Amino acid sequence: MTLTAQRQRLARLRRLERMRAIHHREAMVAAGLAESTLAQLQQLAQRTETLAGAYAARTDAADGAALAQIGAFRTGLGQIARTTGGEIDTARRIADARAADVAAAERRRSAVADRIAAEARTLAVRQAGEATPLGAARAAAGDEAPCAQTPAATSGNWHGS
């Protein structure tokens, strides 16, 4: 692969990382909204339960009509509580799915970041090799390891005599 091709590949990987980072942020926003909705539904369920408990304890009905009205109100609160409970279960599943989306988006972004780091290291090594005076000539000649060749000793004597 040529040096220009490696630079283009690195630029493409960086664009891909930016896209993955944007998707990660969008997934985080969606997860935050899902968690917010879940929290609101849980607060509504708690308030409904408190209100239903307060109306269940009431004994101040003056006549049958007031008692029927309190009973109807309690029945309505019970229906709201059941509906809210189902919505909480749905909101919890959605929030869990959004959290899984965030984790997956982070893994994809991290994988691209790792590929960028590896590609940048490879490119830096290659550029450093071509920047040395003999590195470019050896690289052009097809020598992959310019430092692997060492001059051979001219004689067996280490002292040069």
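What share of the contacts in the protein chain with a separation of 6 or more is accounted for by residues 24 or more positions apart? In this predicted model, such residues account for 80% of those contacts. The secondary structure of the protein chain consists of three helices and zero strands, and the order of the elements from the N terminus is α-α-α. Helix H1 covers residues 3–56 and helix H2 covers residues 64–131, while helix H3 covers residues 133–140.

The mean pLDDT of the protein chain is 85, with 83% of its residues at 70 or more. Helix H1 has the highest confidence, at 94, whereas helix H3 has the lowest, at a mean of 59.

The protein chain has 161 residues, and buried residues make up 16% of them. Its accessible surface comes to about 11,400 Å², and carbon and sulfur atoms contribute 58% of that surface.

Helix H1 was examined in detail. It contains 54 residues and spans 78 Å from its first C-alpha to its last, close to the 80 Å expected at 1.5 Å a residue. The buried residues of H1 are Leu3, Gln6, Leu10, Leu13, Ala21, His24, Ala27, Ala31, Ala34, Leu38, Leu41 and Thr48. These buried residues pack against H2.

Glutamine 6 belongs to helix H1 and counts as buried because its relative accessibility is 6%, under the 20% cut-off. Its side chain is joined to that of arginine 126 by a polar contact of 3.2 Å. When residues up to four places away in sequence are not counted, glutamine 6 touches Met1, Glu119, Thr122, Leu123 and Arg126. Arginine 126 is therefore both a polar partner of glutamine 6 and one of the residues that glutamine 6 touches.

Leucine 41 is also placed in helix H1. Its relative accessibility is 14%, so leucine 41 counts as buried. Apart from neighbours within four places in sequence, leucine 41 is in contact with Thr84, Glu87, Ile88 and Ala91. Alanine 91 lies 50 residues from leucine 41 along the chain, and the C-alpha atoms of the two residues are separated by 8.2 Å.

Alanine 54 is a further residue of helix H1. With a relative accessibility of 42%, alanine 54 counts as partly exposed, since this category lies between the 20% and 50% cut-offs. Alanine 54 and arginine 74 are 20 residues apart in sequence, and the distance between them is 9.6 Å, C-alpha to C-alpha.

Aromatic rings were considered next. The structure contains one aromatic pair. The pair is formed by tyrosine 55 and phenylalanine 73, with 4.5 Å centre to centre and 55° between the planes, and is tilted. It links distant parts of the chain, as tyrosine 55 is in helix H1 and phenylalanine 73 is in helix H2, 18 residues apart. The angle is assigned to the tilted class because planes under 30 degrees apart count as stacked and those over 60 as edge-to-face. Tyrosine 55 has a relative accessibility of 21% and therefore counts as partly exposed. Phenylalanine 73, at 36% relative accessibility, likewise counts as partly exposed.

Definitions and conventions
Residues numbered from 1 in each chain as written. Heavy atoms only, no water. Phe/Tyr/Trp six-rings, centres within 6.5 Å; stacked < 30°, edge-to-face > 60°. Helix = DSSP H or I, 4+ residues; strand = E, 2+ residues; numbered from the N terminus. Buried < 20%, exposed > 50% of the residue type's maximum accessible area, 1.4 Å probe, protein only. Polar contact = N/O pair within 3.5 Å; in protein donor to acceptor, adjacent residues only side chain to side chain. Contact = heavy atoms within 4.5 Å. pLDDT = per-residue confidence, 0-100. Areas by Shrake-Rupley, 256 points an atom, 1.4 Å probe, with all protein chains shown as cover. Expected span 1.5 Å × (residues − 1).
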